[in-house]
Amino acid sequence: MNRREFLKKSAMGSMAVFATSAFGAPAYATPSARDLKIGIMWNTIGAGDTIHEKFQLSKRAGFGGVEVMSHMNRKEVLEARDDTGLEIPSVCNSKHWNIPLSSSDPATRKKGREALELSLEDASAYGADTVLLVPGRVDETTSYDDCWYRSIEEIKKALPLAEKLKVTIAIENVWNNFILSPMEAVHYLDQFNSPYVKFYFDCGNILRYGWPEQWINILGRRIAKVHIKEFSREIANEKGNSAGFGVQLREGDVNWSEVMKALDNIGYSDWITLEQRGGDSLKGLKELVNRTQKIVSS
């Protein structure tokens, strides 16, 4: 083997290792059947008045689990979980938007970290393995780099608790003007050097500035959980970005067959959790399950 051939083979080998280790499973790692559990996010359950009623209706509709919010009545949540047999796969931090880890005020950041820590404790109590976290917000008062470094600092302070409880802190992509590319998301996650900091990927949110299947393939095994939500670019362009969510599952611009292929590619076999409008009645909740099942089989 001459020097040119050696360098070529070495480079190809390095690229293969990088593609697998940095971006997750290789493209041929497709399971023979999809093993995805269907859950629903708490704020999506419009039907029912009490915690128990919302769990019961979710159970009757065919969901397997509920992603609850942090800072709820823990006793009531546990009673509803045990009575219905529904799982609680994840907890959404209910304070991360109003008390951001990116705040310029150290006292506010401390409160935000304490809210994250309570979210981790809630998750542990419920048997959940993931906490959804919006790490911060970039705006006219908080620069991009400040959001980056402040959020990292606070998450690192909470990380020992996450590792002790074995609960993953999962960063979600939302419209917070932060982490706007999948490559940046990889860099943000990897600098923690911990299996307990991953990504909570939202398929609908990403359509404002990307394509979900591309993000999924790049993030790979860094994805802890997935939110299922639809979005229409046409409606958003006509009526404003938020209006883009006013479309039913499978009637917007998310290419669900490509999303499912991408999840196959990375070997994802965890929860897909609905954060989709339409759950204001038992009939609506059942329709959400039905549409999601069609997505899974696409």
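Modeller: Let's start with helix α6 (residues 182–190) and helix α7 (residues 212–219), which pack at an angle of about 30 degrees with their axes 9 Å apart. This is a predicted model, where local features need pLDDT of at least 70, side-chain atom pairs count only at pLDDT 80 or more, and totals for chains, interfaces and linings use all residues. Residues are numbered from 1 along each chain as its sequence is written, and side-chain values use heavy atoms, with hydrogens and water left out.

Biologist: What makes α6 and α7 roughly parallel to each other?

Modeller: The angle is about 30 degrees, taken between N-to-C directions on a scale from 0 to 180 degrees, with axes fitted as lines to C-alpha atoms, for helices over the stretch in contact. Angles under 35 degrees count as roughly parallel (over 145 is roughly antiparallel, 65 to 115 roughly perpendicular, the rest oblique), so α6 and α7 are roughly parallel. The helices themselves are DSSP runs (H or I, at least four residues; strands are E, at least two), numbered from the N terminus.

Biologist: How do you know which residues of α6 and α7 meet?

Modeller: Contact means heavy atoms within 4.5 Å. Pro182, Met183, Ala185, Val186 and Leu189 in α6 meet Trp215, Ile218 and Leu219 in α7. By class, that contact has eight nonpolar, no polar and no charged residues. Ala, Val, Leu, Ile, Met, Phe, Trp, Tyr, Cys and Pro count as nonpolar, Asp, Glu, Lys and Arg as charged, and the others, Gly among them, as polar.

Biologist: What makes α3 roughly parallel to α4?

Modeller: α3 and helix α4 (residues 106–126) pack at about 30 degrees, axes 10 Å apart, and that makes α3 roughly parallel to α4. Their crossing is right-handed. Arg74, Val77, Leu78 and Arg81 in α3 meet Leu118, Glu121, Asp122, Ala125 and Tyr126 in α4. That contact divides into five nonpolar, no polar and four charged residues.

Biologist: And what angle do α2 and α3 cross at?

Modeller: The axes of helix α2 (residues 51–61) and helix α3 (residues 74–84) cross at roughly 30 degrees and come within 9 Å. α2 and α3 are therefore roughly parallel too. α2 passes α3 in a right-handed crossing.

Biologist: On to the spaces. What makes one a cavity and another a pocket?

Modeller: On a 1 Å grid over the protein atoms alone, a cavity is a set of points where a 1.4 Å probe fits but cannot get out; a pocket is an open set with protein on both sides within 12 Å along at least five of seven lines, and lining residues have an atom within 4 Å of a point.

Biologist: How much space lies in the largest pocket?

Modeller: About 580 Å³, where a volume is the space filled by probe spheres set on the points, and grid points are joined across faces, edges and corners. The largest pocket is lined by 24 residues, with Glu172, Val174, Asn205, Lys229 and Glu275 nearest its centre. By class, the lining has nine nonpolar, ten polar and five charged residues.

Conventions:
Left-handed = near helix turned anticlockwise from the far one by under 90°.
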